[in-house]
Structures are given as structure tokens and as C-alpha cells.
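Please work through each task before reading its solution.

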Amino acid sequence: MNSKIKDFLISISIVFTFTTILTLFMNYILISYFGLNKDNFIIIVLPLLVCSLVLFLALSKSILEPLFKSDENLQKTVKKTLHELNIPVSTIMLNTQMLERKITDEKALKRLERIKKASSDLLKLYEDMEYSIKKEIDNVDKDTFFLYEVVNNSIDKFEDIKKDIRIENNIDKELLLKTDKNGFYKVIDNLLSNAIKYNKSDGYVKIGLKENTILFIENSGNTIDTKYLFDVFDTFFQEDSSKKGFGLGLSIVKEFCDKNKIAINIIPLKDGSRFELNLKKHFFNGSSQDTNI
């Protein structure tokens, strides 16, 4: 168990126990002195409960304040470190681009390309960590963006691993969404990764919109067993343990959808599966267009 959680539980237990004992003792004194009947019940019990609550809050604040202060300091340190980490990564990428213009040796260019790739991966890790921390301790800003571009960028990420799987992006290019863009990117990435992972050789993935508001990602291949429909979103769940991964993707999708009030449905098909997200509340200015196939 995390030491902070342990300290919190111990501290709050001590405060609760002390307050309860004191309340019971005061209750015993008052009842012994005044007696207890239907006429004086409220007069005795209500002020005692209010005093107990005030005492509990006062003691809790004084005892737990060092824990909260420590957590606040940690948040500031992490934010500062992340900000400073961005500077050297950006510097590496900038200088790599400058060197690329001057170097002509093929081997040196290949080495430079590996540096660029590693720097890009490091920058992506930085952005993911920054987003995760901001999501936990701050309010995440909502952005307005084109749905087609997010889907298309996600498709590009899987170009090297999709092999012979055909991926169709049938989203209208003018559709605008307004929501947490980074979080939505992760949703599309995970759903698309899932659609590729559980596909078949020479299969397909279709992405489109139906009924003006519902984004769907449909894939050929394995059909999700109906007995697992409520389990697939659990953390670490994997229907097929032979597939690579940790079973985190769909739990990330579900967490985002729950937080942003997006209804998500899984529809088993005869030869594949379809995931549907109801984005009705997130279209900018209510814009939407049916692109069902």
C-alpha cells in the first residue's frame, strides 16, 4: 500500500475514533444530567452532532494538512520537471533537422533518422505524461477540431503494422468536434489498434458516421463473444491472451467516454465487431452528417 494512503487512513481513523469516543462521553454526561425523552431529544442530540462534526473537520484539517501540502509540492515539482524536459527534447529535434540539410553521407543520415525517431518517441511520451498529469490535477481544456483529421492521423500511426488490412476513413472532412482532443486521440488510437489486432489477413476496418451522431469503427475478423461484452472494458482484461498487449486499451476508452458522457456500444457481427460512440453532445454547433456505408 502506498505510504501516503497508509498515513491518510491511519490519521483519519485516529480522528474518527477520538471524535466518536468524545461524542459518546458527552452524550452519556448530558443524558445522565438531563435524562432523555421525546421533549429534549432534539435539544440534546442535534447540538452534540453539530459539535462533533465541527471537531472532526477541525482535527482532520490540522492532521492531514501536511499530507496535502506534500502532495501539492509534488505536483509543482512534476509540472516544473515536465516543462524543463520539453526544452532539451525540442533542442535535439531542431538541431537534427538542421544537420539533416548538411549531411550527405547515407550512413550518417540513417543514424540521424534513428535519432529523430527516438526524439519523436520521447516527445510523444512527454506529451502523454503531461496530459495524464493535467487530467488528474487540472481541468483539461476542450478544443475544436476536425473529426476526419484525428481519425486520419490515427490511421497514419498504424501504417507500418496494419499489413494487408484495408482501412477506410469515411468521415466527412468538414465535421467539427469540441471536446478533450488529446483524450479523444487516445480513444481513436486504442479502438483502431484493437480493430487491427483482432482482424484477419486481408481484412478491413471501416470508420464512419451513422444516424448523424454515432461514430463507428467496424472490423472484420474475430467476433467478440457476447458473454464478454461487459468485461472487455475492465482493466487488464484480454479475451485472447495470445495477442500482444496488457488489456488497457478499452479501459482507457471507457474511462474517457464515461467522463465525457459519450455512450459506447459494442455490436458483435457475423464476421467481426463494431464499436459505436454517440458524439451527439460534442459536435461543434451541432454539425453532423450521415456517412454510413
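On a 1 Å grid over the protein atoms alone, a pocket is an open set of points where a 1.4 Å probe fits, with protein on both sides within 12 Å along at least five of seven lines, and its lining residues have an atom within 4 Å of a point. The model is predicted: local features need pLDDT of at least 70, side-chain atom pairs count only at pLDDT 80 or more, and totals for chains, interfaces and linings use all residues. Residues are numbered from 1 along each chain as its sequence is written, and side-chain values use heavy atoms, with hydrogens and water left out.

**Exercise 1.** Determine which residues lie nearest the centre of the second largest pocket, and which helices supply its lining.

*Solution.* 
1. The lining comprises 17 residues, and those nearest the centre are Tyr-131, Asp-180, Phe-256, Lys-259 and Asn-260.
2. At least two lining residues come from each of helices H3 (106-137), H5 (181-197) and H6 (249-259); helices here are DSSP runs of H or I with at least four residues, and strands are E runs of at least two, numbered from the N terminus.
3. H6 gives the largest share, 4 residues.
4. By class, the lining holds 8 charged residues (Asp, Glu, Lys and Arg), 5 nonpolar (Ala, Val, Leu, Ile, Met, Phe, Trp, Tyr, Cys and Pro) and 4 polar (the others, Gly among them).

**Exercise 2.** Is Thr-179 buried or exposed?

*Solution.* 
1. Thr-179 is found in strand S3.
2. Its relative accessibility is 1%, so Thr-179 counts as buried.
3. Leaving aside residues up to four places away in sequence, its contacts (heavy atoms within 4.5 Å) include Phe-145, Phe-184, Phe-256, Asn-260 and His-282.

**Exercise 3.** Describe the setting of Lys-163, a residue with positive phi that is not a glycine.

*Solution.* 
1. Phi of Lys-163 is about 55°.
2. Lys-163 is placed in the loop between H4 and S2.
3. Lys-163 is exposed, with a relative accessible area of 72%.

Note on methods. Buried < 20%, exposed > 50% of the residue type's maximum accessible area, 1.4 Å probe, protein only.
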